[in-house]
Amino acid sequence: MTDVPTHATHLPPRPTVVRADRDGVADATVKVDVQNLSFYYGAKRALEGISLQAQTNRVTAFIGPSGCGKSTFLRTLNRMNDIIPGTRVEGSARIDGQDIYAPNVDVVELRRRVGMVFQKSNPFPKSIFENVAYGLRINRLVTSKAEIAERVEESLRSAALWDEVKDRVHDSALALSGGQQQRLCIARALAVRPDVLLMDEPASALDPIATQRIEELIYRLKSQYTIIIVTHNMQQAARVSDHTAFFWMGKLVEFDRTERIFTAPREKLTEDYVTGRFG
Amino acid sequence: MERHFQEELQTLQERLLEMGGLAEERVRSAVAGLAGSDIPRLTTVSGGDEPINELHIEIDRRAFQLLALHQPMAVDLRAIVAALKINTDLERVGDLAVNVAEAARRYLMHPPVKQLLDIPRMGDIAQAMLRDALDAFVKRDLDLAQHVLDEDDSLDALKSQIFRELLAYMVRDQATVEPALDLILISRHLERIGDHATNIAEDVIFMVSARDVRHHADSLPPQA
């Protein structure tokens, strides 16, 4: 019968191979440009020489098995790893051409420009309104009450939550459903008008309907933002992203148009992963 | 991991090969029935479409379920899409074998127009193409698949030659028109069987290498 391999038990170690598809990459401008980035937790190297470009108004997905470095890599893009003691970054990461690890970079301003949404929704124990207004107030981005109210509504609308909460914006955010809380967190991230939105498994704790809403939201938000999403769910990466990067053991194995990664990947390792022959 | 899916995929491919074997056998019987003036054999071909039809439906159902339940990716996705298309081609081959058998039975009711040489040759080539295409599918053999594509030209050439030759007979002797038309039809059916074998070979190339070689699609600009 056929020689379909049923599993790949001995995956050979291989160098990081980056195949950014030139056809795909040429169609938009580069927003995030990472070159030869390595990341260390103390002496342990968690990321090895990653080079990758994420494009403006596109969704870039990171996939790979647990511990492959995809979340660590995501967090290097707004320097969230800085808060972990003993970590170190080598190589360069540029957003709009600016090195985000340069000494003069204002990290607070960086994180305003590069917003983040986490796996577990983490609304503050405040009202819906105050959750969204929070970043505006602490960053003093807008001052007048009217402007804040305007920006809160705009953000809630962008996050596709406004219609569900407009009559109760002063109620506690904690009364919202899980999916609504996650969209609130997206609204909160959008309120400070970031350029880039990092999402770390934003739907993994949600039911299928709430997940679908988040995915639709991602699809609509990309016209205004550059979105980078980490997901364990390959079908989700396939549905929402334009480009997909496959990470394995701290290395970027393959980076290409999403359609290519899921129909005809170039690397055997990628194929083994997306077809479930891994491990 | 995914052993269960791989087993299902394996079963799908086994069923497809079973169907390929049946289709191949029917083509062989139809051509042999004509060459050997074996009416009972031709009648068997005409009437025995049921197993292929059942497999046709079963294979579609299996492929459809695998797509829905496992959402396969990459080579697995290509294998299932290829199986669906090959399934359709094989079912058509089965139908064409019936067409050949029926035209052959009509032909055998008349005195022979000529000694049959090229039609059995076409039959041999079409069967070989079908067998090679299925072998290429089993072995994931790109060279063999390419060989099938190359063979198609010889079948087309034979068909044209048969047509020209029989046309000359028909012009000379009106009594040959009816049987000669049946031979022309048979050559046309055999050529179509070769086309289906070609389709299968193209699907094998797609399955193995993700290259779409149909209509010189390789030379088309890449889609955005």
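**Exercise 1. Ring pairs in chain A**

At 34% relative accessibility, A:Y134 counts as partly exposed. The model is a predicted one. Task: state which ring A:Y134 pairs with and which parts of chain A the pair ties together.

Solution. 

Step 1. Over all chains, the structure holds six aromatic pairs. In one of them, A:F73 and A:F247 are tilted, at 5.5 Å centre to centre and 40° between the planes. A:F73 belongs to helix 2 (residues 70-76) of chain A and A:F247 to strand 9 (residues 243-248) of chain A, so this pair ties together parts 174 residues apart in sequence.

Step 2. A:F73 has 0% relative accessibility and counts as buried. A:F247, at 0% relative accessibility, counts as buried.

Step 3. The partner of A:Y134 is A:F124; the pair is tilted, with 4.6 Å centre to centre and 55° between the planes. A:F124 lies in the loop between strand 6 (114-117) and helix 4 (128-138) of chain A, and A:Y134 lies in helix 4 of chain A, so the parts tied together are ten residues apart in sequence.

Step 4. A:F124 is partly exposed, its relative accessible area being 25%.

Step 5. Ring pairs also link A:F62, A:F73 and A:F247 into a cluster.

**Exercise 2. An open sheet in chain A**

Task: give the order of the strands in the open sheet of chain A, and find which strands stand at the edges.

Solution. 

Step 1. The sheet has four strands in the order 2-1-4-5, with antiparallel pairing.

Step 2. Strand 2 and strand 5 (98-99) of chain A are at the edges; each has a single partner strand, so one side of each is left without a neighbour in the sheet.

Step 3. Strand 1 (residues 30-41) and strand 2 (residues 44-55) of chain A pair in the antiparallel sense over eight bridges. A:F39 stands opposite A:L47 in strand 2 of chain A.

Step 4. The hairpin of strand 1 and strand 2 of chain A has two residues between the strands, and A:G42 takes a positive phi near 60° there.

Step 5. A:R94 has A:D99 in strand 5 of chain A as its bridge partner.

**Exercise 3. The cavity in chain B**

Task: state how many cavities of 30 Å³ or more are counted, and which element gives the largest share of the lining of the largest cavity.

Solution. 

Step 1. The count comes to one cavity of 30 Å³ or more. About 60 Å³ of space lies in the largest cavity.

Step 2. The lining consists of B:K114, B:L116, B:L117, B:D118, B:I119, B:I162, B:E165, B:L166 and B:L183. Helix 5 (118-139) and helix 6 (142-172) of chain B are the elements that give two or more residues to this lining.

Step 3. Helix 6 of chain B gives the largest share, three residues.

Step 4. By class, the lining has six nonpolar, no polar and three charged residues.

**Exercise 4. The surroundings of B:R28**

Task: is B:R28 buried, partly exposed or exposed, and which residues does B:R28 touch beyond four places in sequence?

Solution. 

Step 1. B:R28 is located in helix 1 (residues 3-35) of chain B.

Step 2. The relative accessible area of B:R28 is 31%; buried means under 20% and exposed over 50%, so B:R28 is partly exposed.

Step 3. Leaving out residues up to four places away in sequence, B:R28 touches B:Q127 and B:R131.

Step 4. The C-alpha atoms of B:R28 and B:V45 are separated by 9.7 Å, with the two residues 17 apart along the chain.

How values were computed
Residues numbered from 1 in each chain as written. Chains lettered and ligands numbered in written order. Predicted model: local features only at pLDDT ≥ 70, side-chain atom pairs only at ≥ 80, totals over all residues. Heavy atoms only, no water. 1 Å grid on protein atoms, 1.4 Å probe; cavity = no way out; pocket = protein on both sides within 12 Å on 5 of 7 lines; lining within 4 Å. Points joined across faces, edges and corners; volume = space filled by probe spheres on them. Nonpolar A, V, L, I, M, F, W, Y, C, P; charged D, E, K, R; others polar. Buried < 20%, exposed > 50% of the residue type's maximum accessible area, 1.4 Å probe, protein only. Contact = heavy atoms within 4.5 Å. Pairing = 2+ DSSP bridges. Phe/Tyr/Trp six-rings, centres within 6.5 Å; stacked < 30°, edge-to-face > 60°.
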